[in-house]
Amino acid sequence: MSDIGPYHSPGSPEYAEATASFQLAVPVEPAGAVTARSVGEVVAAVAAARRAGRPVRVSTTGHAMGRAAPLTGALLLRPLIDAPVRVDPQARTARVPAGRTWGEVLPELVRHGLTAVHGSSPTVGVIGYLLGGGISFYGRRFGLAANSVRSLTVVLADGSVVEASATEQPELFWALRGGGGGFGVVVEAEITLVPMHRIMTGMAVWDAAEAHRLAPVWQEWTRTAPPEITTSLRILSLPPDPHLPPFLAGRRVLFLDGAVTATTEADLPAARRIVDGLLAPLTALAEPVADTWAPAPPEALPHTHMDPPQPVPFRSTSGLITELDAAGWAKVLDAGPHLLAIELRQLGGAFAEPGADGGALDRFAAPLMYYAVGVAGEDTARDVVAVRSAFEPYLTGLTAPNFVESYEQPQRTYADEVHARVERIRRDTDPTGLFAGDVAPVRA
Ligand SMILES: Cc1cc2nc3c(=O)[nH]c(=O)nc-3n(C[C@H](O)[C@H](O)[C@H](O)COP(=O)(O)OP(=O)(O)OC[C@H]3O[C@@H](n4cnc5c(N)ncnc54)[C@H](O)[C@@H]3O)c2cc1C
């Protein structure tokens, strides 16, 4: 494959490294693949693809492998830029090179008493997460993570390297944040950080049989919950894994986790009271089998949700929803017996507020998001359909791009006029469609 320069052919160790993916259920079989370790290498790889007349696909961790079309015939570019994370503690900003995961970046931030509006998993890539909106356990306080982006440095299809911000290339900057990809290769993101002294985090766990009584009470609580807290309520069906605590291994449970921000030491007593306000009405109805909610350092947060640390084959469904009524709870809580998780993520608060200089996706109006996931296989495929149908009456028609994990899943991020503006900017930025395969399709 000498005509495509730095891209490596299937079978080589370099190809294997560049195509490594967290999502094992989706084949990763591009025509060639390369790991680019500098901006210069990204520029050279984009130029080589242009010369070869082949489309370029960008992947960092492969968490979302399968969200866009299959890679057949394309060249895969994995940007793992070999540069440090640069934190400016006074300005409360960080410049994060492409390729870093939140687990790698967080230690650099917390030693300055700062953190980012990061997600639940340490293995998720920073850039992919930010471009897809970014739903954080800090989100009801600070909004979608895409709103914390100050600038993005991008290698475009013509090989130019541009910085997109509110003042430079503002249209591109707007479209990059939530626009669904296909604009170029982001090589660095500058983000705003937030001060964080401690958090209250943990899990409260009940037998799943209690879910019918407790879940509506949690939903009732979400209506008046303060923005300092963001939670997730899940039905988890866990394997009999000896590494899990006995109250989880091999059990089907109701699992309530999340975080409360305590920006300064003085905020901690109020944060404790917020957790008490969450748990009191639930524990009054049913004694939990475990309750680990407690003060913790901010770096503990990516472990609260117990996302899988290693690559897995998974299949999921998701959507932004309205509140459930009694009939909805009855259907949803017993659906999907083979799935690992059926989750309701609490939105509202700052999730619903527009970002200052917000991008194509800067808020969610819906109060809740559902997400259901299982190990890929026939049972899971059936259950995914069943769970989606249980949520059907409550779907808003909109989806959170970061939680769309299959090309087949109906998805829609925004209104038609926003979509039209994104498409126009994409055409202006990449007129030959070099990155067009990377676009997650909007198929309302
Ligand atoms: C276990 C798990 C936990 C998760 N938790 C959360 C969560 O709490 N909150 C949340 O919002 N999301 C969460 N997600 C979803 C995750 O944020 C998205 O899948 C996100 O797109 C992953 O980005 P990535 O770079 O890691 O993945 P990739 O699959 O590598 O990238 C996804 C897409 O992002 C784009 N992209 C990535 N890097 C670049 C780049 N440098 N330049 C241009 N485009 C790029 C590409 O279009 C690519 O197709 C989770 C996913 C998993 C599997």
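**Exercise 1.** How much space lies in the largest cavity? Work out its lining too.

*Solution.* First, the ground rules: this is a predicted model, where local features need pLDDT of at least 70 and side-chain atom pairs count only at pLDDT 80 or more, while totals for chains, interfaces and linings use all residues. Residues are numbered from 1 along each chain as its sequence is written, and side-chain values use heavy atoms, leaving out hydrogens and water.

Next, the term: a cavity is a set of points, on a 1 Å grid over the protein atoms alone, where a 1.4 Å probe fits but cannot get out, and lining residues have an atom within 4 Å of a point. Points are joined across faces, edges and corners, and the volume is the space filled by probe spheres set on them.

Now the answer: the largest cavity holds about 50 Å³. Its lining includes Leu233, Trp329 and Leu344. β12, α10 (326–332) and β17 (341–346) each supply at least two lining residues; helices (H or I, at least four residues) and strands (E, at least two) are DSSP runs numbered from the N terminus.

**Exercise 2.** Where does glycine 250 lie, and what does it touch?

*Solution.* Start with the loop between β12 (229–237) and β13 (252–262): glycine 250 lies there. Finally, skipping residues up to four places away in sequence, glycine 250 touches Leu238, Pro239 and Pro240, contact being heavy atoms within 4.5 Å.

Notes. On a 1 Å grid over the protein atoms alone, a cavity is a set of points where a 1.4 Å probe fits but cannot get out, and a pocket is an open set with protein on both sides within 12 Å along at least five of seven lines; lining residues have an atom within 4 Å of a point.
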